[in-house]
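Good morning, and thank you for joining. Please have the viewer open.

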Amino acid sequence: MTKFTNVLSAAAVSLALATGLGGTAQAAGGGPQPPMHEWSFNGLFGTFDRSALQRGYRVYKEVCAACHGLKYIAFRNLVDIGFTEAEAKALAEEFEVAGDPDEFGDPTTRTAKLSDTFPDPFPNPQAARAANGGALPPDLTLMTKAREYGPDYLRGLLIGYTDAPADFELAPGMNYNAYFSGHQIAMAPPLSDDLVEYGDGTEATVEQMAEDVTTFLHWAANPELERRHQLGFQVMIFLILLTGLFWVVKQRVWRKLDH
Amino acid sequence: MAGGPARQYNNRLIRWVEYRLPIFSAVEATIGRDMPTPKNLNYWWSLGSVLFLALIIQIATGIFLAMHYVPNGAMAFDSVEQIMRNVNYGWLLRYVHSNSASLFFAAVYIHILRGMYYGSYKAPRELLWIIGVVILVLMMATAFMGYVLPWGQMSFWAATVITNLFSAIPWVGESLTTWLWGGFAVDSPTLQRFFSLHYLLPFVILGVSLMHVWALHVHGSSNPVGISARSKQDTIPYHPYYTSKYMSVIGIALIILAFLVFYEPNFLAHADQFKPADPLQTPPNIVPEWYFLPFYAILRSIPDKLGGVIMFGGSIAILFLVPWLDTSRVRSARFRPTYRYFFWIFVLNVILLGWVGAQPPEGAALVIGRLATAYYFAHFLIVLPFVGWFERPRPLPESISKPVLKSGTPAAEAAE
Amino acid sequence: MATTAPDTGEGGTRRDFIFVAATSAAAVGAGLAVWPFVNSMNPSKDVLAEATLEVDLSPIEEGQRITVLWRKKPVFIDHRAPNKIAEAQNTALSDLKDPQADADRVQRPEWLVMVGICTHLGCIPQGQRVGERLGDFGGWFCPCHGSHYDTSGRIRKGPAPTNLEVPPYSFVNDTTIQLG
């Protein structure tokens, strides 16, 4: 068994190497580490809390969608967070998208269908910057993957608006944030208590809304997560059993040799 | 191919095919009952099978990903999201492809280190080793171009940094870089040609790998003791002994791959890759994938641009010379007590270089990186020749079957 | 790897069972692994989402024909005038190469909805735009090989084997249909 464990340790060492190297590769060039939160989607058996997803959608729609796009999510995807097809269709109809040109060739708009993706709030980056003091609000679909620490960073940012320390020089128009890289962010604090009215009666504190919208955005970035975890469990069990079988075969085959 | 008596088959269909195209006896001669293999191979010899598996996985997932991926600057990033969200099992194909690249490199580095420890590159296997280094270079080119394809921030800036290296070449550098780019900077033409070549090179790797196995089978595998097999007693057929032995290792490799794919698919990835490429914004810390970090550290440790390029290329090119740099008369480090220490120091040094590659090139990391780079080359240019000359190796056993000294007394801890 | 291990004569059946179990488990695993590859070639979710299309009928005047794109195919929508309806209804089934009553091809007689692809070799028949040839039966004419379709879209003359296909559709309300 010792030689086999040698290879196992080699594999472990290289994974540790990659881990350590991969980890350090990320650590350089980011902001301060945000507080770590217990998310329902973490862990081997993690899933998305449906009510959190729906509350999070509400927060996105009423607070974030004014400036931030969600371009890779289609309205039909909302069925996966617990809405019925009819409800998703009604949610789609709250948005306007570009339609076909009219008989004079002029652009038209129409209400969104299930097959449409979320429209960008601005027609182009220049318009977005003009409306936001020169800053470009990024699309949010991949936000929890596009930032180091992912969902913890996003939640930290949303609850991390504090007063700047006395010795900190805050540029005009900027806001102090504990977890944003450089501590100065152009976006004013987007959340305040009771900003959104939740349909299920949950109290809409800043912390609650931050958690819900982060859960929603983590789903937007990883819609396949639950299926991936489920299939992963089956595949791992199968592979462990298969490797065990191979091991037994090897023992039986080699037993014949006078070692 | 290994010669031997023609095998007779009982099955009529097999005989019909065999008479016209001896494919079955070819397989038997390669991995079957007609491939005499030293009977003492340990698990460090399993990586060849794992590498072949990784190549097949990459080619299969790659071909199916290519059915949906669009290699154009305006659409590449979106097409990858399209694969992740709309293509049936697209997320699975994508995550297997990106994580198997890491599996591929982990396996190839262990495989190379095995060769360095056991002296597998020594005569008559020098060309086998050289073909292996060629495969490594092809793998690095393939992986580099593949990483550009998703057209994220790291894709774009890694492409910019690495293609800019060519401009360091005197006289022809600038034109060569423009020719590589197909423009005045990395842009869609660059991406498009990288896609074409990324699709092509794995099949070149496949061909060169077959040559690698062909070269191996001329003299057969080396073994942990480093003494050639001399008699039938020293060997056993590859099948069923080594096929069964290495299947468990393949199982373990798949388990590690499955864990990454299904539970931490972006563990080895960079967050900046999920931002679309922006030629007007450089990420604060441009880093390649983990398997390139040691070479990246060597590149950045030289303050001169051309010098850095030469050392970067040299750090791989030096591998071609290893069969001649190592002067030891003894193959396996099992019997080389001095060299063994230097081997492990080399491994730690490469890991250190990897860490350096992930840091911004300043301060303590830069100093450490320069020392580690110097040591990297010192291992090949100083340690290998000198330790080989001056070392007193342990006495070798008589044969593979009898790990007993020629004088008749049993060898002391010949096993590891 | 279908050959058997060297025979030693001891514990034969138990060893063979494990060997068979391991090989078949590996084969099952390999077979299961093939499915994601094959399925990835099936229509993706965004393509399937485009499977239905709503069409507003109110701008289409009587006697007017429009073409819409549904599942990347042309669909002819004909707001039939009474004389065209009568022609279609009064045709004897024995005159038809592919016998089908007009009533079986429409949900409401004034609205004819058909896939505008000739059932011969796939060209798009003429007759949708003013000035195009309607053929000898007042319906549509395919210029590629001379198939004539009547006012119900049925093949009357020429090489096409079957009538123009009626796609699945339903009336959402009096002025809107949903294709697919």
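Before turning to the contacts, one definition: the helices I shall name are DSSP runs of H or I with at least four residues, numbered from the N terminus. Please also bear in mind that this is a predicted model.

Leu44(A) belongs to a nonpolar patch on the surface, together with Phe45(A), Phe233(A), Ile237(A), Leu241(A) and Phe259(B). The accessible area of these residues together is about 600 Å². Which helix provides the largest share of the patch? That is α7(A), with 3 residues.

Let me move to the interface of chain A and chain B. Here 54 residues of chain A are in contact with 56 residues of chain B. The size of an interface is often given as the accessible area lost when the parts come together. For chain A and chain B, that buried area is about 5,000 Å², and carbon and sulfur atoms account for 72% of it. Three helices of chain A, namely α1 (2–27), α6 (206–221) and α7 (225–255), each contribute at least two residues to the side that touches chain B. Of the elements on that side, α7(A) gives the most, with 17 residues. Sorted by class, the side of chain A facing chain B consists of 31 nonpolar, 12 polar and 11 charged residues.

What about specific polar pairing across chain A and chain B? The count of salt bridges between them is 0. Residue pairs in polar contact, with both residues at pLDDT 80 or more, number 8.

I come now to chain A and chain C. This contact involves 11 residues from chain A and 16 residues from chain C. The two chains bury about 1,200 Å² between them, 75% of it on carbon and sulfur atoms. Which residues of chain A lose the most area to chain C? They are Arg76(A), Arg252(A) and Lys256(A), which together make up 40% of what that side buries.

Between chain A and chain C there are 0 salt bridges, and the rule finds 0 residue pairs in polar contact with both residues at pLDDT 80 or more. On the side of chain A that touches chain C, α7(A) gives the most, with 7 residues. By class, that side of chain A holds 6 nonpolar, 1 polar and 4 charged residues.

To close, I would return to α7(A), which gives the most to the side of chain A touching chain B and also to the side touching chain C. Thank you.

How values were computed
Residues are numbered from 1 along each chain as its sequence is written. Chains are lettered from A and ligands numbered from 1 in the order in which they are written. This is a predicted model: local features need pLDDT of at least 70, side-chain atom pairs count only at pLDDT 80 or more; totals for chains, interfaces and linings use all residues. Side-chain values use heavy atoms; hydrogens and water are left out. Contact means heavy atoms within 4.5 Å. Buried area is the accessible area (1.4 Å probe) that two parts lose on being put together, summed over both. A salt bridge is a side-chain nitrogen of Lys or Arg within 4 Å of a carboxyl oxygen of Asp or Glu. A polar contact is a pair of N or O atoms within 3.5 Å; within protein, one must be able to donate a hydrogen and the other to accept it, and residues adjacent in sequence count only if both atoms are side-chain atoms. Ala, Val, Leu, Ile, Met, Phe, Trp, Tyr, Cys and Pro count as nonpolar, Asp, Glu, Lys and Arg as charged, and the others, Gly among them, as polar. Patches are made of residues with over 30% relative accessible area and no salt bridge: like charges are joined within 9 Å, nonpolar side chains (Val, Leu, Ile, Met, Phe, Trp, Tyr) within 5 Å. Accessible areas come from the Shrake-Rupley method with a 1.4 Å probe; for residues, only the protein chains shown count as cover.
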